[in-house]
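I have opened my notebook beside the structure, and I will jot down what I look up as I go.

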Amino acid sequence: MAEEKTELFNANEAALLVKELRGHFNSGKTKSYEWRIAQLKAISKMINEREKEIIEALEKDISKPETEAFVSEISLMKSSCQFALKQLKKWMKPEQVKSSILAFPSAAEIVSEPLGVVLIISAWNYPFMLSIDPVIGAIAAGNAVVLKPSEITPASSKLLANLLPQYVDETAIRVVEGAIPETTALLEQKWDKILYTGNSRVGRIIMAAAAKHLTPVVLELGGKCPAVVDSDVDLQVAVRRLLAGKWACNNGQTCISVDYIITTKDFAPKLIDALGSELERFFGKDPMHSKDISRIVNLNHFRRLTKLLNEDGISTKIILGGQADEEHLKIAPTILLDVPEDSLLMTEEIFGPLLPIVTVNTVEDGFDLILSKPKPLAAYLFTNDEKLKKKFIDDISAGAMTINDTILHFTVPNLPFGGVGESGIGSYHGKFSFDTFSHKKAVLYRHFFGDATARYPPYTTKNLSMLKSLTSGNMIRFILTATGLSKPRNVHLSA
């Protein structure tokens, strides 16, 4: 019997898919409050009913601990859904704004309208949360949606493709699985917006493809997220929060995890001792066998990380960890001290369990180091010094900041999540997701009374004088000129 061939999702199929979705969008079905609420409730139901399957897929893909999977994926998806359900009516309501004197009498408002058919390309490190969260925003805004999950986490991708059609309206919300060929086919189409989460190399490809159709993009990228640690902190609390933002955060495979630490030369020994003690408390004497830490996602990423460790001059900088097990895709939490500034560890995003510590003479010197690099997706500062906090916030440009903790800004729905410069374009989360997938349409209402003849030809000196008085706010001169009680000032009607 001949082997059955699996047909690839090609550009023709992608074009038909977009055409079909655009037809359903143009019918107006996705714009109603009722449809949006129904889809959000369906997603909430899916998360509640299929929580066990989601956690199992995450364990299979990346050995993500159940507690970590619940906190960073399940609970955040539930919160995002409930927040949108609670706020949607308010978000959809037109925003009344002040009109101008030139348009008097009138009323003005901003109407949020859906963009149309949008594409969401999600990442592998949080394959459910980074898929569902932007989908929630796109649906809340009234769009038709295509979700392309990451092929690097196949169990999660397959589960998303199987689950979503069972709960949401498949005529307007679709999942397309696949790798580079399928993503390329999707990118050849005309979308009304593309949201991509991943690395800057692919982000440039996404942006170039979108530019051909003048499609706006949101790029959630990454970068080297620094954590500056002052000497006046509660050391144990600070260290636990640093560890939570690194190894207890998908084993460092997180775009906002701590990429490197900056501290003073005097304080570094105390910080390093505390990090070692808390690491042992978190993951035991042999973290390679800990069930509370994720593995590296695949062999390519494992070898990318070991390449960073094997670079000339790096092995002597390892002060803790460094063990690697290729068969099980495990790398121990590894701390390095003062690696060369031009090393790969300090020039590339690490995205894994390796943590360089850079020592400086003063904390302010650390700020200069951050400013010498591309703007990060997140930046962290641990200090009790209010002046340092203000200087950090004022001087350092980053997608987001958390003071005296790590990563928790991501959990606050009233804060935007997004990068700046090379760490990303645009933002989402909560109302910001709704706004990202909406067009803010300006609407001006006027009646047929109160028509000002001064705006129409033939242009006269009197009319121009009235207009100048009106736009400058001089209502007394406007009234006097309009009633003929004041002669127009010398004005020129032409150059």
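Which elements do the buried residues of α11 pack against? I found β10 (318-320), β11 (324-325), β12 (330-331), β13 (334-337), α12 (344-347) and β14 (354-360) as the packing partners of these buried residues.

**Ground rules**

I am looking at a predicted model, in which local features need pLDDT of at least 70 and side-chain atom pairs count only at pLDDT 80 or more, while totals for chains, interfaces and linings use all residues. I number residues from 1 along each chain as its sequence is written, and side-chain values use heavy atoms, with hydrogens and water left out. For names, I use DSSP runs numbered from the N terminus: helices are H or I with at least four residues, strands are E with at least two.

**Entry: helix α11**

I looked up the length of α11 (residues 299-310): its twelve residues reach 16 Å from the first C-alpha to the last, close to the 16 Å expected. The expected span is 1.5 Å times one less than the number of residues.

I then listed H301, F302, L305, T306, L308 and L309 as buried in α11. They are on the same side of α11 because they cover an arc of only 145° around the axis. That arc is taken from the directions from the helix axis to the C-beta atoms. On the other side of α11, I noted N300, K307 and N310 as exposed. My cut-offs are these: buried is under 20% relative accessible area, exposed is over 50%, and partly exposed is in between, with a 1.4 Å probe and protein chains only.

At the start of α11, I saw a side-chain oxygen of N298 within 3.3 Å of the backbone nitrogen of N300. I call this a polar contact: a pair of N or O atoms within 3.5 Å, where within protein one must be able to donate a hydrogen and the other to accept it, and residues adjacent in sequence count only if both atoms are side-chain atoms.

**Entry: the sheet of seven strands**

I traced an open sheet with the order β10-β13-β14-β9-β8-β15-β16 and mixed pairing. Two strands pair if DSSP finds at least two bridges between them. Its edge strands are β10 and β16 (400-403), each pairing on one side only. Neighbouring strands here are turned by 25° against each other on average, direction ignored.

Contact means heavy atoms within 4.5 Å. Angles run from 0 to 180 degrees between N-to-C directions, and axes are lines fitted to C-alpha atoms, for helices over the stretch in contact. I also found helix α10 (residues 268-283) lying across β8 (226-229), β9 (260-264), β10, β13 and β14, at about 140° to β9.

**Entry: strand β4**

Is β4 buried or exposed? Five of the five residues of β4 (residues 144-148) are buried, so this strand is largely enclosed by the rest of the structure. On one side I listed A144, V146 and K148, and on the other V145 and L147. Five bridges join β4 to strand β3 (residues 117-121) in a parallel run, and V118 has V145 as its bridge partner.

**Entry: helix α5**

I counted twelve of twelve residues as buried in α5 (residues 129-140). Just after α5, G142 takes a positive phi of about 95°.

**Entry: N250**

I located N250 in the loop between α9 (235-244) and β9. N250 is buried, with a relative accessible area of 0%. Which residues does N250 touch, not counting those up to four places away in sequence? I found I62, K64, E68, N125, Y126 and S294. The side chain of N250 also reaches the backbone oxygen of N125 at 2.9 Å. Finally, N250 and R295 are 45 residues apart in sequence and 8.1 Å apart in space, C-alpha to C-alpha.
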